[in-house]
Structure formats: C-alpha cells, structure tokens
Amino acid sequence: MLSKNLIKTVKSLEHKKGRKKNRLFVAEGPKIISEMFKKYAPQTIIATKEWLENNDNSHSTESDIIEVTDEELRKISFLQHPQQVLATFRIPKENLYESNNIIPPCNMSENLVLVLDGVQDPGNLGTIIRIADWFGIDNIICSNDTADAYNPKVVQATMGSLAHVCIQYTDLVSFLCSLSPSIPIYGTLLDGSDIYRQELTGNGIIIMGNEGNGISYNVRRFVNRHLLIPHFNSGDTAESLNVAIATAITCSEFRRR
C-alpha cells in the first residue's frame with residue numbers, strides 16, 4: 001500500500017531541489033533496475049506482484065519493498081507506460097552536486113575523461129553517459145550548469161549505464177587549472193583540425209560543449225588540441241551535429257586508434 005508520504009517523496013524527486021534534499025533518485029523498469037542493483041542498494045522498491053515473483057530480492061534485505069497494482073504504479077511513475085518496478089536509490093557521496101573538491105577520477109596520464117560544458121538537454125546527457133559506458137570511459141566531469149544526471153529523464157536515457165560511470169559536478173575552470181600542463185585537453189571546435197587526420201592519444205580530457213553555443217570561452221582557452229568533425233556534403237548541409245552524436249563519433253575515433 002502506497003502511503004501519502006511515500007508518494008510525496010517520490011514525486012519530489014522529479015525536481016533537483018527534492019533530489020538534493022533527500023539525496024535520492026528514481027529509476028524505473030526491469031532493465032535499468034537490474035543494472036542499478038549491481039552497484040547500488042535500493043532504499044525503496046515499488047513493484048507489481050509479477051515483478052516480485054520473478055525477481056530475487058535477497059540482496060535488498062535493507063530496502064522497503066512495496067507491492068502495488070499496475071494502477072497504483074501508474075500514479076507514482078514518471079513514465080507514460082510504467083514497467084512493473086520503480087525504485088529509489090541514494091545518490092553516491094562522490095557524485096555530490098556543485099562540489100569544488102573533485103575526487104581525482106583516475107590517472108589522466110593513462111585514461112580518457114569526458115568533460116561536459118553546459119550540456120543542458122536531459123536526453124543528450126543520458127545518451128552521453130551511455131556512450132561513455134560503451135566506449136569504456138568511466139568518468140564524466142560536468143560543469144555546474146550541465147543537466148542533472150539524476151533527473152528521471154536522464155536516468156531512463158542511460159538505460160542503466162549510470163551505474164557504470166562516475167559523474168561529478170564542479171567549476172570547470174578551477175578543475176582545468178589544476179591539471180598538469182602535460183595532460184592533453186581535446187575539444188571539438190570550428191577552428192579545429194580534421195579528427196580523422198589527427199594523432200589521438202589514449203589518455204587526457206575530451207571536452208564537449210553546450211548544444212547551441214559549444215564550448216564556452218572560459219573553458220575553450222584550456223583546449224590545447226582542437227578537433228573538427230568534418231562534413232562530407234558538398235552542397236548545403238546541417239549546421240551542426242547533435243552533441244550526443246558528436247560525442248559518439250569522437251569517442252569512437254579515439255578508441256579506433
């Protein structure tokens with residue numbers, strides 16, 4: 001039975017203010033929930049009888065498990081077509097919002113890190129997280145004005161990849177200032193050189209910018225390796241690529257080398 005307090009709490013997680021206050025986020029659907037279980041212990045599981053009977057919840061002994069009907073699930077779900085199960089999870093400590101104390105995500109002299117500068121569309125961010133997961137990039141550092149990774153729309157768009165990628169928010173200028181000058185910092189820019197003809201390293205920073213304005217001026221000045229994804233249409237062509245698609249092309253080219 002769903003209590004009014006639980007409904008109120010879950011609904012509050014649609015907004016960043018509610019997520020920050022409760023330190024919780026929502027995931028929905030069997031596929032995404034199963035991926036989340038690999039990393040996070042759920043605080044509350046709200047599921048239909050069918051899902052509960054077909055899933056082993058022994059690893060969730062500290063969670064509140066609430067059986068609901070399909071109709072009750074529709075009342076609390078953020079999806080147009082609810083998928084048997086919804087769960088709340090605690091936002092991990094290393095992923096605190098607007099932290100100026102970035103936990104060093106990895107050795108950037110050996111690994112690639114994705115940096116997002118003002119990516120604001122939840123669908124784009126979710127897709128980028130999924131892309132990073134696919135190409136083995138374990139860490140994403142976001143500007144404070146990038147969309148919230150724990151927005152329900154972002155969580156759903158990641159299709160579970162949120163459980164595999166560490167995401168941190170910070171002031172990018174301060175973060176980039178702290179890096180060693182020897183770290184390659186790549187950015188896709190209109191004055192860049194053809195990515196297919198450039199020497200690419202297996203380590204460093206890849207910066208992707210805002211959907212409309214690209215990489216901001218204050219961040220752009222740290223880019224020491226300018227890249228361009230060329231177009232191959234000799235006539236009129238699209239003005240630009242969607243940032244998620246551009247990220248996929250860029251990451252693929254780095255890994256292909």
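Reader: What is the relative accessible area of E14?

Author: This is a predicted model, in which local features need pLDDT of at least 70 and side-chain atom pairs count only at pLDDT 80 or more, while totals for chains, interfaces and linings use all residues. Residues are numbered from 1 along each chain as its sequence is written, and side-chain values use heavy atoms, with hydrogens and water left out. E14 is placed in the loop between helix 1 and helix 2 (16–22), where helices (H or I, at least four residues) and strands (E, at least two) are DSSP runs, numbered from the N terminus. Buried means under 20% relative accessible area, exposed over 50% and partly exposed in between (1.4 Å probe, protein chains only), so E14 counts as partly exposed, its relative accessible area being 41%.

Reader: Leaving aside its neighbours within four places in sequence, which residues is E14 in contact with?

Author: Contact means heavy atoms within 4.5 Å. When neighbours within four places in sequence are left aside, the residues in contact with E14 are R19, F78 and P152.

Reader: Which residue lies over the face of F78?

Author: A charge sits over a ring if NZ of Lys or CZ of Arg is within 6 Å of the ring centre and within 35 degrees of the ring normal. At 5.4 Å from the ring centre of F78, the residue over its face is K11.

Reader: Which residues are linked with K38 in a network of salt bridges?

Author: E35 forms a salt bridge with K31, the closest N and O atoms being 3.4 Å apart, and both lie in helix 3, about one turn of the helix from each other. E35 is buried, with a relative accessible area of 8%, whereas K31 is partly exposed at 45%. In the network, K38 is linked with K31 and E35.

Reader: How many aromatic pairs are there?

Author: Rings of Phe, Tyr and Trp (its six-membered ring) pair if their centres lie within 6.5 Å, and planes under 30 degrees apart count as stacked, over 60 as edge-to-face and the rest as tilted. By this rule the number of aromatic pairs is 7.

Reader: In what order do the 4 strands of the open sheet with mixed pairing stand?

Author: Two strands pair if DSSP finds at least two bridges between them, and strand 1 and strand 4, which run antiparallel, are joined by 5 bridges. Within this pair, V26 stands opposite T88 in strand 4. The 4 strands form an open sheet whose order is 1-4-2-3.

Reader: Which strands are the edge strands of the open sheet of 6 strands?

Author: The 6 strands pair in parallel, in the order 7-6-5-9-8-10. Each edge strand pairs on one side only, and the two are strand 7 (166–170) and strand 10.

Reader: What angle does helix 6 make with strand 5?

Author: Axes are lines fitted to C-alpha atoms, for helices over the stretch in contact, and angles run from 0 to 180 degrees between N-to-C directions. Helix 6 (residues 122–134) packs on the sheet of 6 strands, touching strand 5 (112–116), strand 6 (139–143) and strand 7. Its direction makes an angle with that of strand 5 of about 175°.

Methods. Salt bridge = Lys/Arg side-chain N within 4 Å of Asp/Glu carboxyl O.
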